[in-house]
Amino acid sequence: MRATARVAARIGPRLLAADEQDLLVTAAILHDIGYAGPLVVSGFHPLDGARFLRHLGAPMRLCALVANHSDARSVAGLRGLTDQLAHFPDETTNLRDALWYCDMSVDATGQPATFEQRIADIRARHAPDSFVVRALDAGGLEARAAAFQRVRLLLAVRVVCPVSVGANGLGRL
């Protein structure tokens, strides 16, 4: 989780407003909290983590980011948990994509990884008939890859051609 948070701290200022940068780092720190033994209820860590955070009174947006990280919706569908996950609405924003990017940028040991290495790491740790691998094969891989690519493109554009928004709402170089 710390490695994911380091990625979030690095990319957040290049992609997001200040309040969303903090939320990205917080979500990156907490996105896998549902793996903690005492928190396991459904056995699906994004949902268990989000429920725990909600119980603590965490903001709903944080809970929803945790619940939906890295295309959790695909796995939830295979596990029969779609209705439960629906209590935490997904958002299709740069913030959500950035969290997925952070999660896909480090392997299970916290080492930096390319997207392809991360997917290979996931496949190596899960059986071919597991919900996670089945979800990847049923469209989850494409969803993760698309979010990852959107963030990579935003990061590249902001390095090559930084744009700020003027008081009139128009971009200026």
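Buried means under 20% relative accessible area, exposed means over 50%, and partly exposed is in between, with a 1.4 Å probe and protein chains only.

Before that, the ground rules. This is a predicted model, where local features need pLDDT of at least 70, side-chain atom pairs count only at pLDDT 80 or more, and totals for chains, interfaces and linings use all residues. Residues are numbered from 1 along each chain as its sequence is written, and side-chain values use heavy atoms, with hydrogens and water left out.

Now H8. Helix H8 spans residues 115-125 and holds both Asp-121 and Arg-118. Helices here are DSSP runs of H or I, at least four residues, numbered from the N terminus. Asp-121 and Arg-118 are both buried. Their side chains form a salt bridge, at 3.1 Å from N to O. By salt bridge I mean a side-chain nitrogen of Lys or Arg within 4 Å of a carboxyl oxygen of Asp or Glu. The two residues sit 3 apart, about one turn of the helix.

Asp-121 and Arg-125 are about one helical turn from each other because they are 4 residues apart in H8. Why does Asp-121 count as buried? Because its relative accessibility is 18%. Arg-125 is at 42%, so Arg-125 counts as partly exposed.

The structure holds 10 salt bridges. One of them joins Glu-20 to Arg-61, with the closest N and O atoms 2.8 Å apart. That pair links distant parts of the chain: Glu-20 is in helix H2, Arg-61 is in helix H4 (residues 60-67), and 41 residues separate them. Arg-61 has 31% relative accessibility, so Arg-61 is partly exposed.

Next, a network. Salt bridges link Arg-73, Asp-90, Arg-96, Asp-97 and Arg-150. Take Asp-97, which lies in helix H7. Asp-97 has a relative accessible area of 4%, so Asp-97 is buried. Beyond its neighbours within four places in sequence, Asp-97 contacts Ala-147, Arg-150 and Val-151. Contact means heavy atoms within 4.5 Å.

H7 also packs against H2. Helix H2 (residues 18-30) and helix H7 (residues 94-103) meet at an angle of about 40°, with axes 10 Å apart. The axes are lines fitted to C-alpha atoms over the stretch in contact, and angles run from 0 to 180 degrees between N-to-C directions. Which residues make the contact? From H2, they are Glu-20, Leu-23, Leu-24, Ala-27 and Ala-28; from H7, Leu-95, Ala-98, Leu-99 and Cys-102.

Now a charge without a bridge. Arg-144 lies in helix H9 (residues 131-160). Arg-144 is buried yet has no salt bridge. Which side chain of opposite charge is nearest to Arg-144? Asp-71, 5.4 Å away. Lys and Arg count as positive, Asp and Glu as negative; His and the chain ends are not counted. Beyond four places in sequence, Arg-144 touches several residues, including Asp-71, Trp-100, Phe-115 and Ile-119.

Last stop, Phe-88. Phe-88 sits in the loop between helix H6 (82-85) and H7. Its relative accessible area is 7%, so Phe-88 is buried. Phe-88 and Met-60 are 28 residues apart in sequence, and 7.5 Å apart from C-alpha to C-alpha. With residues up to four places away left out, Phe-88 touches Met-60, Leu-47, Arg-54 and Cys-63, among others.
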